[in-house]
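The structure is shown first, and the text then works through it by topic.

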Amino acid sequence: MLPFFKKVNLLVLSMAACLLLPHQIRSQTGQVPTPVTLTKVQGVKPRNIVFILTDDHRYDALGFLHKQTFIHTPNLDKLARGGVYLPNAFVTTALCSPSRASILTGLYAHKHRVVDNNNPVSEGLVFFPQYLQQAGYQTAFVGKWHMGGEGDEPQRGFDHWVSFKGQGSYLPEKNGLNVNGKRVPQQGYITDELTDYALEWLKSRKDNKPFLLYLSHKGVHADFVPADRHRGRTRDDKFVVPATMNPDNVQEAPMWVQNQRNSWHGVEYPYHSDLDIGQYYKRYAETLLGVDESVGRVMEYLNGKGLLESTLIVYMGDNGFHFGEQGLIDKRTAYEASMRVPMIAHCPELIKPGTTVKEVVANLDVAPTLLEAAGLETPAHLDGKSFLPLMQGKKVPWREALLYEYYWERNFPQTPTIHALRGDRYKYIHYQGIWDTDELYDLQADPGESKNLIRSPRHQQVVKDMNRQLFEVLGQTEGMYIPLNPDRGGQQNKRHPGRSKAARFGDYMLGTPAGASEAKPVGRDAGAASGSKKQ
């Protein structure tokens, strides 16, 4: 007779096998399955593709948007003028590994199950470059992989490989780079060096086959280190403080958001330090200059080879970054600063220069978009949709709202499990596992997300409808569960004893004791979800 725990383990494994999705099925030999060969669309020219991914690049950190005087991106500005700007681009999970997995697979995090930065990636996942390989593409990955922990080994779908362990380093360090499975010393500033490798591969490729270059920068991930030539560029600029950095400008914020102000990811105790948020953002801007120059170098090469007009270039960030919005730093949340990203595409032969696409698009739409540009039909199991028709000005059915999800991490326990719907006008945010309030924002009237309308009497039908729609989307995409992984790594869970105290429960959560006419607030009066602006 099997011991009890073995019986349980076998039961769990059997259930897991039954729950495997088509894109996760492995062969009986345990080998990684070969992806199906996609049908080629007749009469479509397979485009050369350059996909450029940056780290933590927030949606409004583009020079032509003029949000901060110290943001300068002349090459990205040029790319947008000659192509299409997608101002409503988002990620479905604002965290490095989950977002990158959604880009590569076209799936929500609850499907690909890469829900944090630490745990292994399933060998059964199929990445879109594998389909391109089967269609005759030359494929290269250059840069930050960062899925499944610290590994930098060559991955399926790529003929050529240059990467580094984990987050890598802006400046040379002992781990160096992995170039096609061999350890190679890092020679200089990482953004420049990755661009060198990318251009070297482009120059050495075969001219008679289409190509995919996937250039994945470390920049602009914290801790921000600009190239020496860019240090001090922002010295004389002033940081425009976001309104919601001041708690007096926020109404009915959840308690967890108020409490996170005094934490590793909050403005009162950022990274458990006295970091100046404005100076931090300016250092970020100086680091971004190197990424912008990299884009310019790639464009210059393509132009010199007569390929700039015909090559599809897509640029985006893997997630956003708070610089004081809601009193926070970093990402993970469902607020605009976290989940919204810059996205620009360029291919004058396909896209009219100066186009703007206002529909809500996402990272999980990248794979089907690039597959369509390659003349391939989209696999039926993908959650994303190609936005190539939108960029070409075509009227096609599109989503009413985008699902966002984030799963609580033990390493950074300040942020709870989040599910949200981001529509054209409203955003509904729903939390799991905490005793707190949900959120609703009117993004047209309140783009800074300062006034939570979750208990507004005239918005109750909106709340009801979006709650129903949220669970419909989760049900349709097999997301009615919470993914769990083993604990890995330490915790950043400290608070500063001399700064703000824990938030109190809002008045709406206080009952009336027997014999009392009304409830009185208890604890610290932080204005938590009570209607008071102070938090």
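Is Glu-449 buried or exposed? Glu-449 is buried, because its relative accessible area is 3% and the cut-off for buried is under 20%. The model is a predicted one, and the values below are computed from it.

Side chains of opposite charge can pair when their charged atoms come close. Glu-449 has such a partner in Lys-427, with 2.7 Å between N and O. This pair joins distant parts of the chain: Lys-427 belongs to strand S18 (residues 426–432), whereas Glu-449 is in the loop between S19 and H12, 22 residues apart. Lys-427 also counts as buried, at 0% relative accessibility.

Across the whole structure, the search gives 31 salt bridges.

| Pair | N to O distance | Relative accessible area |
|---|---|---|
| Lys-427 and Glu-449 | 2.7 Å | Lys-427 0%, Glu-449 3% |
| Arg-332 and Glu-409 | 2.5 Å | Arg-332 4%, Glu-409 4% |
| Arg-455 and Glu-252 | 3.0 Å | Arg-455 32%, Glu-252 16% |

The salt bridge of Arg-332 with Glu-409 has an N to O distance of 2.5 Å. Arg-332 is buried at 4% relative accessibility, and Glu-409 is buried with a relative accessible area of 4%. Through shared partners, salt bridges join Asp-56, Asp-330, Lys-331, Arg-332 and Glu-409 into one network.

Arg-455 and Glu-252 form a salt bridge in which the closest N and O atoms are 3.0 Å apart. The two residues are 203 residues apart and come from distant parts of the chain: Arg-455 from the loop between strand S19 (439–442) and helix H12 (460–476), Glu-252 from the loop between strand S8 (211–216) and helix H7 (255–260). Arg-455 is partly exposed, with a relative accessible area of 32%, while Glu-252 counts as buried at 16%. The charged end of Arg-455 also sits over the ring of Tyr-508, 3.6 Å from the ring centre.

**The loop between S8 and H7**

Ala-253 has its place in the loop between S8 and H7 and counts as buried, at 4% relative accessibility. Ala-253 lies 8.0 Å from Glu-439, C-alpha to C-alpha, although the two are 186 residues apart in sequence.

Most residues other than glycine have a negative phi, and most peptide bonds are trans. The peptide bond from Gly-219 to Val-220 is cis, with omega near 10°, and Val-220 is in the loop between S8 and H7. The bond from Ala-222 to Asp-223 is cis too, with omega near -5°; Asp-223 is also placed in the loop between S8 and H7.

Arg-113, in the loop between H4 and H5, has a positive phi near 65°. Arg-113 is partly exposed, at 36% relative accessibility.

**Aromatic pairs**

The count of aromatic pairs comes to 31. One of them is Phe-127 with Trp-145, an edge-to-face pair at 5.6 Å centre to centre with 70° between the planes. Phe-127 is in the loop between helix H4 (109–112) and helix H5 (128–134), and Trp-145 in the loop between strand S4 (138–143) and strand S5 (160–163), so the pair ties together parts 18 residues apart in sequence. Phe-127 is buried at 1%, and Trp-145 is buried at 4% relative accessibility. Another pair, Phe-158 with Trp-161, is tilted, at 6.1 Å and 55°; both rings belong to buried residues.

One aromatic cluster includes Phe-70, Trp-264, Tyr-284 and Phe-323.

**A pocket**

The second largest pocket has a volume of about 600 Å³. Its lining has 29 residues, with Arg-58, Tyr-59, Asp-60, Glu-325 and Gly-448 nearest the pocket centre. By class, the lining residues are 14 nonpolar, seven polar and eight charged.

Notes. Residues are numbered from 1 along each chain as its sequence is written. This is a predicted model: local features need pLDDT of at least 70, side-chain atom pairs count only at pLDDT 80 or more; totals for chains, interfaces and linings use all residues. Side-chain values use heavy atoms; hydrogens and water are left out. On a 1 Å grid over the protein atoms alone, a cavity is a set of points where a 1.4 Å probe fits but cannot get out, and a pocket is an open set with protein on both sides within 12 Å along at least five of seven lines; lining residues have an atom within 4 Å of a point. Grid points are joined across faces, edges and corners, and a volume is the space filled by probe spheres set on the points. Ala, Val, Leu, Ile, Met, Phe, Trp, Tyr, Cys and Pro count as nonpolar, Asp, Glu, Lys and Arg as charged, and the others, Gly among them, as polar. A salt bridge is a side-chain nitrogen of Lys or Arg within 4 Å of a carboxyl oxygen of Asp or Glu. Helices (H or I, at least four residues) and strands (E, at least two) are DSSP runs, numbered from the N terminus. Buried means under 20% relative accessible area, exposed over 50%, partly exposed in between (1.4 Å probe, protein chains only). Rings of Phe, Tyr and Trp (its six-membered ring) pair if their centres lie within 6.5 Å; planes under 30 degrees apart count as stacked, over 60 as edge-to-face and the rest as tilted. A charge sits over a ring if NZ of Lys or CZ of Arg is within 6 Å of the ring centre and within 35 degrees of the ring normal.
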